[in-house]
Amino acid sequence: MRSTLSSIAGQCGDVALFGFRILRDSFRPPWEGAEIAKQIFEIGWRSLPLIAAAGFAVGAVMSMHTRASLERFGAEAMIPAGLAIALFKETGPLVTGLLFSGRVGAGIGAELGAMRVSEQIDALESLAVDSFKYLVVTRVMACIAVLPILTTVMNFTGILGGYIAETVISGMSFALYWERAWSFVDFVDYVPPTLKTCIFGFIIGTIASYLGYNTTGGTAGVGQASTRSVVFASILVILSNVVLVKAIFFLFPGAEG
Amino acid sequence: MADAVIRFENVYKSFGAHKVLENVSFEVPRGSALCILGRSGTGKSVTIKQMIGLIKPDSGHIYVEGRDVTAMNAAELSRVRRRIGFLFQYSALFDSISVGENVAFPLRRHTNLEEDEIRDVVEKKLARVGLRGIYDKMPSQISGGMQKRVGLARALALDPPILLADEPSSGLDPITSQEIDELLLDLKHTEHTTMVVVTHNIPSARRIGDEIAVLEGGRILDRGSPADLEQSEHAIVREFMTLEGGI
Ligand SMILES: Nc1ncnc2c1ncn2[C@@H]1O[C@H](COP(=O)(O)OP(=O)(O)O)[C@@H](O)[C@H]1O
Ligand SMILES: [Mg+2]
C-alpha cells in the first residue's frame with residue numbers, strides 16, 4: 001500500500017516536471033512553427049465536426065430543459081438568455097474539454113506511444129532533432145491554441161441547436177432569438193470561461209504526451225498509454241474545472257451573478 | 001591510438017539487475033570498419049546506441065572524435081549526431097511520412113538546400129541503396145528489406161563521416177545483402193567513412209570488417225582481423241568464424 005502511494009506520488013512529480021519542461025522549452029528556439037501548424041490542423045480542424053455536432057445536440061437538449069423550467073414561471077422570453085448563459089459559462093467549455101480529452105488525448109497517447117516503441121523517437125534524436133520539442137511541445141501548444149476556438153464553435157452551434165429546438169415549438173425568429181440570447185451575456189460570462197479551456201488544453205496535452213512519450217512494453221503498452229491518457233485527462237479536466245471556476249469568481253467578482 | 005574516431009573506455013551498463021555490458025573497451029581508427037559479432041541479446045544494439053547518447057552507460061567513457069559523449073549537453077550531442085549516420089535494427093522509419101520524406105528529413109532539418117536539390121539528393125541516396133521510383137510510397141507499403149535500405153539511405157543523407165549500422169543486412173535476401181556489403185565497402189574506400197557494423201552474418205563481417213569484435217557475456221571476448229580471430233584462443237570465437245551463414 002505504501003509503495004503504491006509513493007509510486008503514485010512519484011508519477012505525479014514526474015508529470016509536473018514534464019509539464020514544467022514543456023513550459024520552459026516553449027520559450028526557447030527552435031520554435032518548430034511548421035510542426036505546430038500541422039498539429040493545429042490535425043488536432044483542431046479535424047475535431048471540428050465532432051465538436052459542432054455535439055454542440056448542436058447539447059444546445060437543443062438544454063433548450064428543451066430550459067423551456068420546461070422557465071415555462072412554469074411564465075418566463076419563456078428568458079429561454080434564449082438562460083441557455084446562452086448556462087452554455088457559455090459552463091457547459092460549452094466543459095463538454096468541449098471532455099470531448100477533446102477523448103479524441104485528442106487518445107490520439108496523442110497512441111501516436112507518441114507507437115513512435116516510442118518503434119524507436120521513431122530515438123530515430124529523431126539520432127538525426128539531431130530535439131524529440132521533446134518536436135513532438136511534445138508542439139502538440140501541447142496546439143492543444144492550448146485550439147481549445148478556446150473549439151469551445152467557441154461549441155457555444156455557437158449550441159445556440160443554433162437551441163434555436164432550432166425553440167422555433168419548432170414557438171416559431172420564434174432567429175433574429176429575435178439571437179438578440180435575446182445575448183441580452184444578458186456580459187464579458188465575464190463569455191471570455192474567462194472560454195479562455196480557461198487553454199488550461200484544459202495544457203492539461204490534456206501534457207498528460208497524453210507524458211504517457212505516450214514514456215511508453216514501455218510494446219504494443220500492449222501503446223494501448224495502455226492511449227486508454228490512460230483519456231482517463232487521466234478527463235478526470236483532471238473535471239477536477240481542475242472546480243479550481244478554475246473558483247478562480248474566475250475570485251478574479252471577476254461579477255461572474256458570480 | 002591518436003586518431004581513434006570511437007573509443008569505449010571501461011563501459012558498464014545494466015538494466016535493473018540485468019548486467020548487459022561489463023567493462024567493455026575498444027576503439028575504431030579513422031576510416032576503418034569494426035564489425036560487432038555476437039548472439040542475440042548480448043548487447044550489440046545497446047553498445048552502438050551508446051555511441052550517440054541514446055543510452056547512457058552506468059560508468060566508463062565513450063569518446064567520439066576525442067570528445068566524451070557521456071559528458072555532453074544537448075547542444076554538443078546534437079553536433080556529434082549530425083556527423084554520424086545511424087541505421088536502426090528495425091529501420092525506425094517515420095511511418096506518418098513517405099519514404100522520400102524520410103530520407104529528406106535530415107536534409108530539411110540541417111541543410112539550406114532548395115526543394116529540387118533535396119529531391120535530387122534523395123533520389124540519389126535511394127538509388128545508391130538500390131531503390132528507385134518509391135519516393136511517394138509510405139513505409140508501410142514496402143517490404144521489411146526495403147525499409148532497411150530506406151533506413152540506410154536516411155542515415156547517409158547528410159554524408160556523415162561516421163556510420164553506425166545495426167544489422168544492415170538482416171532480413172534481406174542474399175543478393176541484396178551482398179549489395180549492401182558492396183555499398184558499405186564502397187563508402188569506406190571512396191569516402192573513408194568510419195564504420196561500426198553490427199551483424200550476425202559472418203561472411204559479411206569478413207568482407208566489411210577491418211576488425212571484428214566478438215561480444216559474449218557482456219565482454220569483448222576477442223577482437224582482431226578475421227585472420228586473427230580464426231586463430232583465437234577462445235574456442236567459441238574460432239567456431240563463430242567457421243560458420244558460413246549467420247549466428
Ligand atoms: N531499454 C532497455 N530496457 C531494459 N532492457 C534492455 C533495454 N534495451 C536492451 N535491454 C536488454 O539488454 C540486452 C541486450 O539487448 P540488445 O543490445 O538489444 O541485444 P542485441 O545484441 O541482440 O542487439 C537484452 O537482454 C535486452 O533485453
Ligand atoms: Mg540488436
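**Reading rings, charges and a ligand shell**

Modeller: In chain B, Arg154(B) lies over the face of Phe94(B), 4.6 Å from the ring centre, where a charge sits over a ring if NZ of Lys or CZ of Arg is within 6 Å of the ring centre and within 35 degrees of the ring normal. This is a predicted model, in which local features need pLDDT of at least 70 and side-chain atom pairs count only at pLDDT 80 or more, while totals for chains, interfaces and linings use all residues. Residues are numbered from 1 along each chain as its sequence is written, chains are lettered from A and ligands numbered from 1 in the order in which they are written, and side-chain values use heavy atoms, with hydrogens and water left out.

Biologist: Which residue lies over the face of Phe15(B)?

Modeller: Lys13(B) does, at 5.1 Å from the ring centre, and Phe15(B) is also one of the residues that surround ligand 1, a residue being near a molecule if one of its heavy atoms lies within 4 Å of it.

Biologist: Which elements each supply at least two residues of the shell around ligand 1?

Modeller: Helices (H or I, at least four residues) and strands (E, at least two) are DSSP runs, numbered from the N terminus. Here strand E2 (18–29) and helix H1 (44–51) of chain B each supply at least two, and H1(B) gives the most, with 3 residues.

Biologist: How many aromatic pairs does a search of the whole structure find?

Modeller: Rings of Phe, Tyr and Trp (its six-membered ring) pair if their centres lie within 6.5 Å, and planes under 30 degrees apart count as stacked, over 60 as edge-to-face and the rest as tilted. The search finds 18 pairs over all chains. Phe156(A) and Trp182(A) have ring centres 6.0 Å apart and planes at 40°, so this pair is tilted. The pair links distant parts of the chain, with Phe156(A) in helix H6 (residues 131–170) and Trp182(A) in helix H7 (residues 174–182), 26 residues apart.
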